[in-house]
Amino acid sequence: MRLSVKAEEVATFYGRMLDHEYTTKEVFRKNFFNDWRKEMTAEEREVIKSLDKCDFTEIHRYFVDKAAARRVLTREEKQKLKEEAEKLQQEFGYCILDGHREKIGNFKTEPPGLFRGRGDHPKMGMLKRRVMPEDVVINCSRDSKIPKPPAGHQWKEVRSDNTVMWLAAWTESIQNSIKYVMLNPCSKLKGEKAWQKFETARRLRGFVDEIRSQYRADWKSQEMKTRQRAVALYFIDKLALRAGNEKEDGEAADTVGCCSLRVEHVQLHPEADGCQHASGSLVGKSVLRDELIGGRRQKPTHKRKSAPATVKRRPRCRPGRGVALRPDRTSQPFTVLLRGALGNGMRVA
């Protein structure tokens, strides 16, 4: 069946991913088909009513052949492509900041395609629409040369805001989040920001013992919020968990941090050999799974070391391939985490 231009373009987004795990997920397929039908003509919608009856193998074969052709390019052809990319980099990949020529991190907008997200994102498969000049805000000095938009188009806005670090911005169509064109990490301004972070960590060194003493004392506070904050600080301090933040239900992947842990993430197991055991499992940033395993002796009858805690991070799609992180932090027994909860009256609600 010959498709209209818009419908064919969206079909190619799905066809090139045919051998990817995403195309087997029901949420991805459902979201894609809903957005694909929006791009079809009325006649196409009358014919195409089920994704299961659509065959994308020819589209997929086209992209496989195209990738294979790129792999067998001669050295001269590869060098020519490299020179063309370098030419674009020299023309668009630099800016003048305080009289210095600085490299831009990424001067290209995201191309249209199918949204993937992290983990089991509820919006995976939805259509990421093409970013047009009318969507882009340019940020430059008043006396600078304003970059020209493509012929027949104009920028959404041109502003001069020296209180921010971005050079261009637009709002993406899936989550309505703002995307930015920023300076390269090796630029002077970015380097100064990174230096400030390290200086903050350096100053913390002089106060960390006082902070640790305070949150241990707060475990026995009469106020629930104070106890919760103390437990969160302890987890962040000893296991280096990210803080975490609240998310709208159904708007993002269910990744959590220390302050957004739920009861389901930690389990207390029946006593065995006089030890209280606990384990935890959570999906953190970048959809890496943290697993906390260990136990502590409640009523020791003879000298015996507690089981050490291990923190393993592994992608969901590759079970069993995790590697231990931060051995200097995780070598401590998990008993530390349970001692406050079970022995010193630390309560978490």
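Reader: Why is Asn176 called exposed?

Author: Asn176 has a relative accessible area of 58%, and the term exposed is used for values over 50%, with buried meaning under 20% and partly exposed what lies in between, using a 1.4 Å probe and protein chains only. Since 58% is over that limit, Asn176 is counted as exposed. Please keep in mind that this is a predicted model, in which local features need pLDDT of at least 70 and side-chain atom pairs count only at pLDDT 80 or more, while totals for chains, interfaces and linings use all residues. Residues are numbered from 1 along each chain as its sequence is written, and side-chain values use heavy atoms, with hydrogens and water left out.

Reader: What makes the phi of Asn176 worth a remark, and where is Asn176 found?

Author: The phi of Asn176 is near 55 degrees, which is a positive value in a residue other than glycine, and most residues other than glycine have a negative phi. Asn176 is found in the loop between β7 and β8, where a strand is a DSSP run of E of at least two residues, a helix is a run of H or I of at least four, and each kind is numbered from the N terminus.

Reader: What makes β8 an edge strand, and to which sheet does β8 belong?

Author: The sheet is an open one of four strands in the order β6-β5-β7-β8, with mixed pairing. Its edge strands are β6 (157-159) and β8, since each pairs on one side only. Further in, β5 (residues 137-139) and β7 pair in the antiparallel sense over two bridges, and Ile138 stands opposite Ala168.

Reader: Why does Asp98 count as exposed, and where does Asp98 lie?

Author: The relative accessibility of Asp98 is 70%, which is why Asp98 counts as exposed. Asp98 lies in the loop between β1 and β2, and its phi, near 50 degrees, is also positive in a residue other than glycine. The hairpin of β1 and β2 has two residues between the strands, and four bridges join β1 (residues 94-97) to β2 (residues 100-103), which run antiparallel, with Tyr94 opposite Lys103.

Reader: Why are α1 and α2 called roughly antiparallel?

Author: They pack at an angle of about 165 degrees, with their axes 8 Å apart; axes are lines fitted to C-alpha atoms, for helices over the stretch in contact, and angles run from 0 to 180 degrees between N-to-C directions. Angles under 35 degrees count as roughly parallel, over 145 as roughly antiparallel, 65 to 115 as roughly perpendicular and the rest as oblique, and therefore α1 and α2 are roughly antiparallel. In this packing, Lys6, Ala7, Val10, Ala11 and Tyr14 of α1 meet Phe28, Arg29, Phe32, Trp36 and Glu39 of α2, where contact means heavy atoms within 4.5 Å.

Reader: Why are α1 and α4 called roughly perpendicular?

Author: Their axes come within 8 Å and cross at roughly 70 degrees, and therefore α1 and α4 count as roughly perpendicular. The contact is made by Ala11, Thr12 and Gly15 of α1 and Ile59, His60 and Phe63 of α4. Helix α1 (residues 5-15) has buried residues that include Ala7, Val10 and Phe13, and what covers its buried residues includes α2, α3 (42-47), α4, β3 (113-114) and β4 (127-128).

Reader: Why does Cys258 count as buried, and which residues is Cys258 in contact with?

Author: Its relative accessibility is 8%, so Cys258 counts as buried. Cys258 is found in the loop between α8 (224-239) and β9 (266-272), and, leaving aside neighbours within four places in sequence, its contacts are Ala232, Phe235, Ile236, Leu241, Arg242, Ala243 and Gly244. Cys258 and Phe235 are 23 residues apart in sequence and 6.9 Å apart in space, C-alpha to C-alpha.

Reader: How many helices and strands does the protein chain have?

Author: The secondary structure of the protein chain comes to 10 helices and 13 strands, and 30% of its 349 residues count as buried.

Definitions and conventions: Pairing = 2+ DSSP bridges.
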